[in-house]
Amino acid sequence: MGVLIGPETRLLCQGMTGRMGTFHCERMIAYGTRLVGGVRPGKGGKRHLGLPVFDSVAEGAAATGANVSAIFVPPDNAAAAMIEAIEANVPLVVCVTERVPVLDMVRVRHALKGSRTRLIGPNSQGLLAPGSCKIGVMPSIHERPGRIGIVSRSASLTSEVVEQTSRLRLGQSTTVGVGGDPVHGLGFAACLELFLADPGTDGIILIGEIGGVEEEEAADFLRSARPKKPVVGFVAGRHAPRRRRMGHAGTINIFGRGDAEGKIEALRQANVFIAPDAASIGETMRGALTS
Amino acid sequence: MNIHEFQAKAILADYGVPLPRGGVADSPEAAAALAEEIGGWRWALKAQVLAGDRGPAGGVRFAASPQEAREAAAALIGFRLVTAQTGPEGYVVRQVRVEEAIEHDRSIYVAVLVDRSSGHVALIGARSGGEDIEARAARDPSLIVKVEADPVNGFSVADLHGFAARLALEGRLAQDAAALFARLYEAFIALDASLIEINPLAITDQRALVALDVKMSFDDNALFRHPDIADLRDPAESDPVELEALRHEMNYVKLDGDIGLVVNGAGLGLATLDMLIDAGGRAANFMDIRPEATSRQIGEGFSLLLANPRVKVVLVNVYGGGVLPCDTVADGISMALKQTRSKTPIVFRAAGSNADLARGRLRNYGIPFVPAADMAEAVRLAVEIGRKEAA
């Protein structure tokens, strides 16, 4: 079990023939992910990595029965790639591309409305279901199949926490990188909802950081959902240096203060177990499971 | 990317936003001449630094004659301005904007930005403007009103009139304001802005709107399609080391402690910094290696860090990922140490892909380092060694 991906995943890769796409597709195939084809406009009919290449997502999905698309295209074309996958009704789209313009993401979010697509990313390390499916650019060394769900804004901290939970023999059901950009697809609250409904997940670790309001929204969700599974939270940036600011809009309080204290307090009030530092997130979960 | 007020005003003038007559001067003489040229009887002289809250910090002065304008400019240019938004070091003023002072009865606050939560462009406003807006909004959140744009059609006329009404604007003033808001939105979308803030937006006794102060920021990720905007970047306002590091795929932030901090990934970096400060340490910098960095680039970045004489010990905490394995980091460190012959102790914690290989590489190159098994040990060792070195 787990969320969003698993043995039933049939993956299409947009941008498979590029340098990044090729590099990571080889690793995903080696992991056991069922990659069924790639999309590269103008290269339809060719083969790459022993798999068929299609001109469009719609064509590729129809021919292969793909139910997930991973996007490895450069930032200037990433939004068009996401919108193409959404219009082709692909149920899950994972975009790892970094540096996508924010206003492009405003258009992508609009395309998502009323669609049947869930979007992960952009600027996401991807999703990992240990032992069965890897979609993204994360290392796969220390993960082991288990019953902890991890949802995170940070790729590097996800790896850290995967290692901690494996060392404690808790393992992971699925890890989800929601991405580090201000406007993106699935957020913390939606991922928590999926993990709460997953019978293969016994506890959830949420890895947040300063900026935005997503941790606060997750706390609002948890207060109304009253989960029966323990949720452990960590927020990086308690001692982050204050950066130079321009104007007042970013800190006017309808957008949340964005600081770690406010996020930690909101999560605490939602009965989330707060990990005091990044090195003890796994231990905090072990304690929460037995309390 | 942030731009100066005078640059933002030049852009918004092209969009038909009403502004005070004025220009920019880099010397007291030029300021006096500019005041003469603008005409009128009273002028505002405003320090051009990339931060807000300049008024309370003494960065805005008024003059009643060209001679006074000269004196006001002389008191600003060449001096360091520290405001609530700059950080303690502040910025040296190199230019002043000289403009006619606008008498006004009332002002409002208005900004365009992307609401991260809804994923929409939004207008926010308050019926009274001024630099104390944050404090007032914190006391009374109902002061702030907001309207979100449709991602395809933008704001409707009804949206904008409704917004103007909520800012207590009526009649012709409401119509003028709605037209101005539409232009701000147009500029925001056309230029991939991340913020346009007008505070205060003055209402003169002739019931005209004038944008007295303007702040504009742009989405760094969209600058590739706006080379003219990218050209507005003021290199003098950035730390030269930070700029140099960025050329080597490093995000570098200078801090004021004595422990050099090197990580890969912002989240890991923030988390390491938190632990470091909890343990009583102080970081000299925050250096985040981007995944695309080559070993040569890492070497260049590491050399920059070692060039800081305050650095007593370097804490390297890297988690090798699918793109950047640990041995690439080890190669970069070796290059830097060979080049600089630095004796600064290095605490090295590597995990994830090629972590063993990385430690092996450092040993093979004969690079002395203190290995750490995990984050907690790495932080403890760095703080201990830093104290010893400082003693």
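**Figure 1. Domains of chain B.** In this predicted model, the domain assignment divides chain B into domain 1 (1–20 + 103–237), domain 2 (21–101) and domain 3 (239–390).

**Figure 2. The open sheet of four strands in chain B.** The strands of this open sheet follow the order E2-E7-E3-E4 (chain B), and their pairing is antiparallel. At the edges stand strand E2 (22–25) and strand E4 (60–63) of chain B, each of which pairs on one side only. Averaged over the sheet and with direction ignored, neighbouring strands are turned by 25 degrees against each other. Strands of a sheet pair through backbone hydrogen bonds, in either a parallel or an antiparallel manner. In the pair formed by E2(B) and strand E7 (residues 96–100) of chain B, the sense is antiparallel and there are four bridges; B:Ala25 has B:Val96 in E7(B) as its bridge partner.

**Figure 3. Packing of helices H9 and H13 in chain B.** Helix H9 (residues 266–278) of chain B packs against helix H13 (residues 375–390) of chain B at an angle of about 50 degrees, and the two axes are 9 Å apart. H9(B) and H13(B) are therefore oblique to each other, and H9(B) passes H13(B) in a right-handed crossing. On the side of H9(B), the contact is made by B:Thr272, B:Met275 and B:Leu276, while H13(B) contributes B:Met375, B:Val379, B:Ala382 and B:Val383. Sorted by class, the residues of this contact between H9(B) and H13(B) are six nonpolar and one polar, with no charged residues.

**Figure 4. Packing of helices H10 and H11 in chain B.** The axes of helix H10 (residues 295–306) of chain B and helix H11 (residues 326–340) of chain B are 7 Å apart, and the helices pack at an angle of about 50 degrees. H10(B) and H11(B) are therefore oblique to each other, and the crossing in which H10(B) passes H11(B) is right-handed. Residues of H10(B), including B:Ile298, B:Gly299 and B:Phe302, meet residues of H11(B), among them B:Val329, B:Gly332 and B:Ala336. By class, the contact of H10(B) with H11(B) has seven nonpolar, seven polar and two charged residues.

**Figure 5. Domains of chain A and the contact between them.** Chain A is divided into domain 1 (11–120) and domain 2 (141–241 + 249–290), and the C-alpha centres of these two domains of chain A lie 27 Å apart. Nine residues of domain 1 of chain A are in contact with nine residues of domain 2 of chain A. On the side of domain 1 of chain A that touches domain 2 of chain A, H4 and E7 of chain A each supply at least two residues, and the largest share, five residues, comes from H4(A). By class, this side of domain 1 of chain A has seven nonpolar and two charged residues, and no polar ones.

**Figure 6. The open sheet of seven strands in chain A.** Seven strands form this open sheet, in the order E3-E4-E2-E1-E5-E6-E7 (chain A), with mixed pairing. Strand E3 (47–48) and strand E7 (118–120) of chain A are the edge strands, each pairing on one side only. E3(A) pairs with strand E4 (residues 51–54) of chain A in the antiparallel sense over two bridges, and the bridge partner of A:His48 in E4(A) is A:Leu51.

**Figure 7. The contact between chain A and chain B.** In this view, 52 residues of chain A are in contact with 62 residues of chain B. The elements of chain A that give two or more residues to the side touching chain B are helix H1 (19–31), helix H3 (75–87), helix H4 (102–112) and helix H5 (155–167), and the largest share of that side, seven residues, comes from H4(A). By class, the side of chain A that touches chain B has 25 nonpolar, 12 polar and 15 charged residues.

**Figure 8. Helix H5 of chain A against helix H9 of chain B.** The axes of H5(A) and H9(B) come within 5 Å and cross at roughly 70 degrees, an angle that makes H5(A) roughly perpendicular to H9(B). The contact is made by A:Ser156, A:Leu157 and A:Glu160 of H5(A) together with B:Gly267, B:Leu268 and B:Ala271 of H9(B). Divided by class, the residues of this contact of H5(A) with H9(B) are three nonpolar, two polar and one charged.

Definitions and conventions:
Residues are numbered from 1 along each chain as its sequence is written. Chains are lettered from A and ligands numbered from 1 in the order in which they are written. This is a predicted model: local features need pLDDT of at least 70, side-chain atom pairs count only at pLDDT 80 or more; totals for chains, interfaces and linings use all residues. Axes are lines fitted to C-alpha atoms, for helices over the stretch in contact, and angles run from 0 to 180 degrees between N-to-C directions. Angles under 35 degrees count as roughly parallel, over 145 as roughly antiparallel, 65 to 115 as roughly perpendicular and the rest as oblique. A crossing is left-handed if the near helix is turned anticlockwise from the far one by less than a right angle, and right-handed if clockwise. Two residues are in contact if their C-beta atoms, placed from the backbone, lie within 7 Å. Ala, Val, Leu, Ile, Met, Phe, Trp, Tyr, Cys and Pro count as nonpolar, Asp, Glu, Lys and Arg as charged, and the others, Gly among them, as polar. Two strands pair if DSSP finds at least two bridges between them. Domain bounds come from an automatic or database domain assignment.
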